[in-house]
Amino acid sequence: MALFNANPFDDAEEIAKKSMVLFFLIDCSGSMSGSKIGTVNSVMEELIPEIRGIGGADADIKLAVLKFSGGSEWMYDEPVSVDEFEWQPLDAENVTDLGSAFSSLAGKLSRNEFMKSPSLSFAPVMILMSDGYPTDNFEKGLAELAVNKWYASGIKAAVAIGEDADLEILERFTGSPDSVVTAHNGEALAKLVKFVAVTSSQIGSRSVRLAESEEDVRTKQQSAAEQIREFAESDEISADIEAGW
Amino acid sequence: MSFKGYHVSIKGASHETSGEPCQDSARIQITDDIAIAAVSDGHGSEKHFRSDAGSELATRTAIRSIMDFAERNGGLDKIFLENPQNAARRIAANIICSWNEDISAHMSYAPFTEKEQAICKKYGGIPTESIYGATLILAAATNRGLFGLQIGDGSFAMRRRGKMSFPMPEDERLVGNLTTSLCDSDAIDNFRWFYNEGSCSAVILSSDGLINSFLSSEDYLRFGERITDAVSSKKTDELEAHLRERTRAGSRDDISVAVLTKK
């Protein structure tokens, strides 16, 4: 009798919030060693608590971190909810295989890989941090990204660490010079990474139903780029430009 | 017909908060020869301010179009077995045409309010069909086969030989919250379809507000079994309560479900 009256939904499949993946592609080449990678590690540890709560009741934000130097490697095998994410400190050594990172990102931006959960209702946010020039065939990786629908619909931003970063390649990744900012010192890097990540995630996880998808993708990317550019040119960032690395 | 049907639309938690209407629609029609289910999801953003009516008209139009097509052609199966591509395209074209006629009629007896006029002005004019923009999922089951047709997001699941699956071809362009729509200028080319010969024991159509509340597609298919069992055992009150919980704690979007299940 008890079974007959049981609610068949009492043990129903887990309920998931709508979610979004925030990707970080982080240059861990030898030139990043010392204060640069140290700042990246500390800012990422500080950033994670700040990202918690961005989605509010409407969205869960998941993180996926890819480090690249001699090859590329994901910090975790799948995107991890920001509520459960534990930062693993990164080391810097070796070369700058950015092409490998682009290829790896393109491979994971797939329904069979990192984007398989039906709860992933928002296009991803992808943030690239680098201080140098690629040492491998980045054109191949960029070409793989160029035909990826998730990449096309996502928000892209890049932070150049110091003066030696290849801005042209970063711009090709983001699709817009306005989405690329330069961190001239550690303090600026910390502020820029936090601002870029928080702003892009807020825009990316906005609950808007889309019919004019291409227009909306452009609008989201532009909106993020404008806010990032405005912040990068503000006194808060440009005032200590002379401090250097 | 050996099928029985059930449909429900639950207002999304975000719409409860904002005071907006439910923009989904679900509908069922069962005759002696055919069982039809339809679900539509109005786009809901500011530009699509009449998409609640758009989705309502979409499900009505879709069912009417299938009924007319079956009547004119002596049923669905013969013509689908002969030339399925042609049949699916004719039905899709008829739905688009009828939906556009219906929204024109709706416009004529419900002229724009001042608020609606202001929205149109803000965007420098909005095409009528875009104002009513909505997706559509349609299933038509006979004793010999199952026809499915879809434009935009949402899910089409069926159970055959005890196994639940997604029979509709995927549209790989629909990533994130991007969707195609009845209001697209190239809508006819954005329809997906299938025809499967042989009987199925259940069909479940749902708007994306449901599947977006699951961690995996496998979980959704298992949940599909629960839905058909709930409909068969008359536990639909429990189902509706659970769907309310799914929008509250999950997608926060409108959820519509239309089910056909063998008696």
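Student: In this predicted model, which handedness does the crossing of H2(B) and H4(B) have?
Tutor: The two helices are H2, residues 51-72 of chain B, and H4, residues 84-109 of chain B. Their crossing is right-handed.

Student: How far apart are the axes of H2(B) and H4(B), and at what angle do they pack?
Tutor: Two packed helices are described by the angle between their axes and the distance between the axes. For H2(B) and H4(B) the distance is 8 Å and the angle about 135 degrees.

Student: Which class of residue, nonpolar, polar or charged, has what count in the contact of H2(B) with H4(B)?
Tutor: H2(B) contributes residues including B:Leu57, B:Ile66 and B:Phe69, and H4(B) contributes residues including B:Ile91, B:Trp99 and B:His106. Also in the contact are B:Arg64 of H2(B) and B:Arg90 and B:Asp102 of H4(B). By class, the count is 10 nonpolar, 6 polar and 3 charged.

Student: What radius of gyration does chain B have, against that of a compact globule?
Tutor: The C-alpha atoms of chain B fill a box of roughly 55 × 45 × 35 Å along the principal axes. A compact globule of 263 residues would have a radius of gyration near 18 Å. Chain B agrees with this, at 18 Å.

Student: What share of the residues in chain B is buried?
Tutor: Chain B has 10 helices and 10 strands. Of its contacts between residues at least 6 apart in sequence, 76% join residues at least 24 apart. The buried share of its 263 residues is 52%.

Student: Which elements of chain B give two or more residues to the side that touches chain A?
Tutor: The interface has 40 residues of chain B in contact with 27 residues of chain A. On the chain B side these divide into 11 nonpolar, 18 polar and 11 charged. The elements giving two or more residues are H9 (217-232) and H10 (236-251) of chain B.

Student: Which residues of H10(B) make the contact with H9(B)?
Tutor: H9(B) and H10(B) pack at about 145 degrees, with axes 8 Å apart. The contact divides into 4 nonpolar, 1 polar and 1 charged residue. H9(B) supplies B:Ile227, B:Ala230 and B:Val231, and H10(B) supplies B:Thr236, B:Glu238 and B:Leu239.

Student: How are H3(A) and H4(A) oriented to each other?
Tutor: H3 (residues 98-108) and H4 (residues 138-146) of chain A have axes that come within 7 Å and cross at roughly 20 degrees. The crossing is left-handed. Angles under 35 degrees count as roughly parallel, so H3(A) and H4(A) are roughly parallel.

Student: How many residues of H3(A) are buried?
Tutor: H3(A) meets H4(A) through residues including A:Leu98, A:Phe102 and A:Leu105, which face residues including A:Phe138, A:Leu142 and A:Leu145. The buried residues of H3(A) include A:Phe102, A:Ser104 and A:Lys108. H3(A) is largely enclosed by the rest of the structure, because the buried count is 10 of the 11 residues.

Student: Is A:Gly175 buried or partly exposed?
Tutor: A:Gly175 lies in the loop between H6 (167-174) and E7 (180-183) of chain A. Beyond residues up to four places away in sequence, A:Gly175 touches A:Lys156 and A:Gln221. A residue needs 20 or more other C-beta atoms within 10 Å to be buried; A:Gly175 has 15, so this residue is partly exposed.

Note on methods: Residues numbered from 1 in each chain as written. Chains lettered and ligands numbered in written order. Predicted model: local features only at pLDDT ≥ 70, side-chain atom pairs only at ≥ 80, totals over all residues. Axes fitted to C-alpha atoms, helices over the stretch in contact; angles between N-to-C directions. Helix = DSSP H or I, 4+ residues; strand = E, 2+ residues; numbered from the N terminus. Left-handed = near helix turned anticlockwise from the far one by under 90°. Contact = placed C-beta atoms within 7 Å. Nonpolar A, V, L, I, M, F, W, Y, C, P; charged D, E, K, R; others polar. Parallel < 35°, antiparallel > 145°, perpendicular 65-115°, else oblique. Rg over C-alpha atoms; globule rule 2.2 N^0.38 Å. Buried ≥ 20, exposed ≤ 12 C-beta atoms within 10 Å, placed from the backbone.
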